[in-house]
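The structure is shown first, and the description follows.

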Amino acid sequence: MRTLGLAVVLALALVAPAGAAERYVALRGVPAPGPSKYDRVFVQKVGPAAARRVLVLVPGFLGGAGGITPVARDIVARVPGMQVWIVDRRENAFEDTSVFRRGDPQAAQDYYLGFRYRRVLGADVPYVGKWGLRVALGDLRRVILAARAGGRRQVILGGHSLGASTTAAYAAWDFHGRPGYRDIDGMVLVDGGLRGSFDSADLARTRRILGEIDRGEVFDDLVGLGIPEIAGIFTEVGALWAQKRPDEPSALQRYPALPAAFKPPVPVTNLAELGFAFDADTSPPGFEIIRLHAGRMEASGDPRGWVDGELTPLRRFAAAWAAERPNATQWYFPRRLRLDVDAMSPMRPTAATRLLGLRPFHARGIDVPLYAYGSDLTGGAVERGARRLVRGSRIPRARIVSDPRASHLDPISAAPSRNRFLETVVPFLRRLG
């Protein structure tokens with residue numbers, strides 16, 4: 001086993017002094033293809049520094065630590081002696097967030113939607129095509145070992161969406177003969193996982209995507225405009241307008257390049273524009289991973305405002321997604337990482353995992369308690385995947401929660417009094433303690 005020294009914090013506190021309730025720090029990552037300056041990972045630490053238990057959470061596809069921060073605060077307020085560490089993957093270092101950090105929505109829109117920011121093109125960073133699960137889990141293990149250091153007695157690993165899938169993959173992974181599950185004391189899967197929770201990657205799909213990556217298509221492009229980072233940029237610009245000037249006429253509604261599907265049919269405020277784009281009743285088809293239950297537009301007005309009343313208060317959501325260090329999105333997401341996670345779905349060696357060099361060798365030995373939560377996203381596939389994982393392992397006890405009234409972002413965004421995930425994960429975490 002490698003020594004804990006490999007995981008020692010670089011002591012790069014980026015905000016707040018030591019001992020503060022929240023800090024954003026950088027840790028040394030594993031050596032990977034590309035410049036060594038990118039061999040680092042970032043962690044948002046929420047809760048008391050003296051805590052003896054740590055819950056490490058991994059964001060989902062295109063997600064950043066800022067999106068999980070609200071529920072992390074709720075957890076530490078309810079679980080004594082718990083600190084939450086939220087991981088930002090190494091790709092976050094590519095983001096030019098210099099103007100976002102000013103907190104001025106007009107300056108941000110001019111800079112980012114005027115395309116004056118420093119872009120990262122796939123052709124300029126071909127080594128990202130090698131940043132798959134091996135690199136991501138290597139970085140994550142450095143975080144887990146750092147969380148274990150200093151006399152802490154318990155580390156629980158979890159994540160949201162693809163971050164939950166990453167958690168399951170970590171538990172089954174072979175780290176040079178050591179099973180990943182031996183590094184952790186429990187798992188928390190929030191609307192994600194393996195064993196059929198999401199799509200799998202067979203050999204044919206694996207070969208096709210590897211070919212596209214080799215041709216320079218190294219980043220996922222959610223919006224399909226040929227600008228992978230634009231989804232994160234649009235989101236943060238919209239959230240910043242909604243936070244700073246919620247009742248003014250929507251600036252993004254008048255922006256020509258915003259896809260028409262995200263524009264309400266009537267004039268709205270900045271806050272209502274954000275709600276229209278994300279609420280489950282109005283978010284366009286194909287964007288289920290960004291949906292929540294926030295409320296509705298007002299029935300009248302010019303412009304029309306927003307009325308809360310469902311699971312997630314929209315102003316709470318706007319504040320989290322307008323924040324910086326950490327922000328709530330990951331602009332540049334490696335296609336190789338998403339491919340590797342999908343190929344890990346069976347949690348056993350297959351032709352696809354062998355081609356990709358993955359190491360899912362220890363699923364049957366997993367022997368730590370499991371919590372799993374499923375929203376309306378997959379129609380129960382997350383819950384079924386969790387049950388398959390329990391049946392095919394040595395997991396001693398499991399708590400599997402189905403919450404079809406919630407959409408994908410609600411468990412990390414909802415008001416504490418209405419959050420079924422928070423309501424059920426807190427007793428699980430307390431029992432582990």
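## Terms and basis

In sorting residues by class, Ala, Val, Leu, Ile, Met, Phe, Trp, Tyr, Cys and Pro count as nonpolar, Asp, Glu, Lys and Arg as charged, and the others, Gly among them, as polar. The model is predicted, and local features need pLDDT of at least 70, side-chain atom pairs count only at pLDDT 80 or more, while totals for chains, interfaces and linings use all residues. Residues are numbered from 1 along each chain as its sequence is written, and side-chain values use heavy atoms, with hydrogens and water left out.

## Cavities

A search of the whole structure finds six cavities of 30 Å³ or more. A cavity here is a set of points, on a 1 Å grid over the protein atoms alone, where a 1.4 Å probe fits but cannot get out; lining residues have an atom within 4 Å of a point. Grid points are joined across faces, edges and corners, and a volume is the space filled by probe spheres set on the points.

The largest cavity holds about 90 Å³ of space. Its lining consists of Val41, Val58, Val87, Arg89, Ala136, Asp139, Leu140, Thr166 and Leu337, which divide into six nonpolar, one polar and two charged residues. The second largest cavity holds about 50 Å³ and is lined by Arg89, Arg90, Glu91, Trp131, Gly132, Val135, Ala136, Asp139 and Leu337. By class, this second lining has four nonpolar, one polar and four charged residues. Helices (H or I, at least four residues) and strands (E, at least two) are DSSP runs, numbered from the N terminus.

## Nonpolar core

The largest nonpolar core has 143 residues, and those with the most contacts inside it are Val56, Phe94, Val188, Ile366 and Leu429. Helix α3 (residues 133-148) gives the most to this core, with nine residues. Such a core is a set of buried Ala, Val, Leu, Ile, Met, Phe, Trp, Tyr and Cys residues joined through side-chain atoms within 4.5 Å. Buried means under 20% relative accessible area, exposed over 50%, and partly exposed in between (1.4 Å probe, protein chains only).

Leaving aside residues up to four places away in sequence, Leu429 touches Arg53, Leu55, Ile75, Val79, Met82, Ile156 and Val188. Contact means heavy atoms within 4.5 Å.

## Cis peptide bonds and positive phi

Two cis peptide bonds are described here. The bond from Asp302 to Pro303 is cis, with omega near 5 degrees; Pro303 is in the loop between β10 (295-297) and β11 (306-308). The bond from Arg325 to Pro326 is also cis, with omega near 10 degrees, and Pro326 lies in the loop between α8 and α9.

Leu62, although not a glycine, has a positive phi of about 65 degrees. Leu62 sits in the loop between β4 (53-58) and α1 (65-78) and is buried, at 12% relative accessible area. Arg195 is likewise not a glycine and has a positive phi of about 55 degrees. The loop between β9 (187-190) and α5 (203-214) contains Arg195, which is buried at 17%.

## Thr329

Thr329 is in the loop between α8 (314-321) and α9 (335-343). Thr329 is buried, with a relative accessible area of 7%. Not counting residues up to four places away in sequence, Thr329 touches Leu62, Gly63, Gly64, Asn92, Glu95, Gly232, Thr235 and Trp321.

How values were computed:
On a 1 Å grid over the protein atoms alone, a cavity is a set of points where a 1.4 Å probe fits but cannot get out, and a pocket is an open set with protein on both sides within 12 Å along at least five of seven lines; lining residues have an atom within 4 Å of a point.
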